[in-house]
Amino acid sequence: MDLPQRASVVIVGGGIVGCSLAYHLTLRGCTDVVLLERKQLTCGTTWHAAGLVGQLRATYNLTRLAQYTTNLYASLEQETGQATGFRQTGSIAIATHAARLEELKRGASMAKCFGLEVQTLGPSEIAALWPGVNVSDVVGGVYLAARRRTLLHRHRAHGRSAF
Ligand SMILES: Cc1cc2nc3c(=O)[nH]c(=O)nc-3n(C[C@H](O)[C@H](O)[C@H](O)COP(=O)(O)OP(=O)(O)OC[C@H]3O[C@@H](n4cnc5c(N)ncnc54)[C@H](O)[C@@H]3O)c2cc1C
């Protein structure tokens, strides 16, 4: 395989972070990006990921980033013509102690600011929503519906190379 002799940006590592970096650089007009992967794209930790795209985050910027990511995954197939398997099912995050519940509630209130549909639930409500769960030690949780109110518009990317 012939590697380019020069490139404006060389990214080492073709996991989700390297691929995302290459995607976003080219999206912003950097047409000379080379991504180097020692084995196979996404063969590292990314290969092991369960594919969950969490939405509840502790800070404003992380919540914004999570929402951006969800919008991006939802529109990648349309943009690239390649199916990603991304499905939005909604999710329940559960807490088995008060401190974790507090953390979830903070994330939920942050998520609400971004238009996400979030509900705080008690153990019996969680059991009603997901009958398979054992709520004997659950103190509460947060339900995040799949519906969102924003859509992201992006331009097509050009000039990516992966080796
Ligand atoms: C079991 C498990 C489940 C997970 N589930 C989720 C989940 O559901 N949702 C979620 O958001 N996160 C999940 N994660 C976390 C997520 O997988 C990682 O945060 C993410 O994949 C890290 O991506 P990365 O690009 O930083 O690293 P990696 O995917 O490890 O990519 C690094 C790449 O660099 C390459 N590389 C290394 N050295 C060189 C070199 N010298 N030259 C060229 N290439 C090199 C490697 O081969 C590799 O492909 C999970 C993690 C694990 C382990």
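Colleague: What should I know about the model before I start?

Modeller: The model is predicted, and local features need pLDDT of at least 70, side-chain atom pairs count only at pLDDT 80 or more, while totals for chains, interfaces and linings use all residues. Residues are numbered from 1 along each chain as its sequence is written.

Colleague: How many residues does the largest nonpolar core have?

Modeller: That core has 15 residues, and Leu56, Leu104 and Ala108 are among those with the most contacts inside it. A nonpolar core here is a set of buried Ala, Val, Leu, Ile, Met, Phe, Trp, Tyr and Cys residues joined through C-beta atoms within 7 Å. A residue is buried if 20 or more other C-beta atoms lie within 10 Å of its own, exposed if 12 or fewer, and partly exposed in between, with C-beta atoms placed from the backbone.

Colleague: And which helix gives the largest share of this core?

Modeller: The largest share, 4 residues, comes from H4, the helix at 98-113. Helices (H or I, at least four residues) and strands (E, at least two) are DSSP runs, numbered from the N terminus.

Colleague: Changing topic, which residues are closest to the ligand?

Modeller: The closest are Gly13, Gly15, Gly44, Thr46 and Ala49, from a shell of 20 residues, where a residue belongs if its C-beta atom, placed from the backbone, lies within 6 Å of the ligand. Helix H1 (16-27) and helix H2 (45-48) each supply at least two residues of that shell.

Colleague: Which residues of H1 are buried?

Modeller: In H1, Gly18, Ala22 and Leu25 are buried. They are on the same side of H1, because they cover an arc of only 70° around the axis, the arc being that of the directions from the helix axis to the C-beta atoms.

Colleague: What comes after H1?

Modeller: H1 is followed by Gly29, whose phi is positive, near 100°.

Colleague: Which residue has a positive phi although it is not a glycine?

Modeller: That is Thr42, with a phi of about 65°, and its place is in the loop between strand S2 (33-36) and H2. Most residues other than glycine have a negative phi.

Colleague: Is Thr42 buried or partly exposed?

Modeller: Thr42 counts as partly exposed, because it has 16 C-beta neighbours inside 10 Å. Arg106, whose place is in helix H4, is also partly exposed, with 15 other C-beta atoms within 10 Å.
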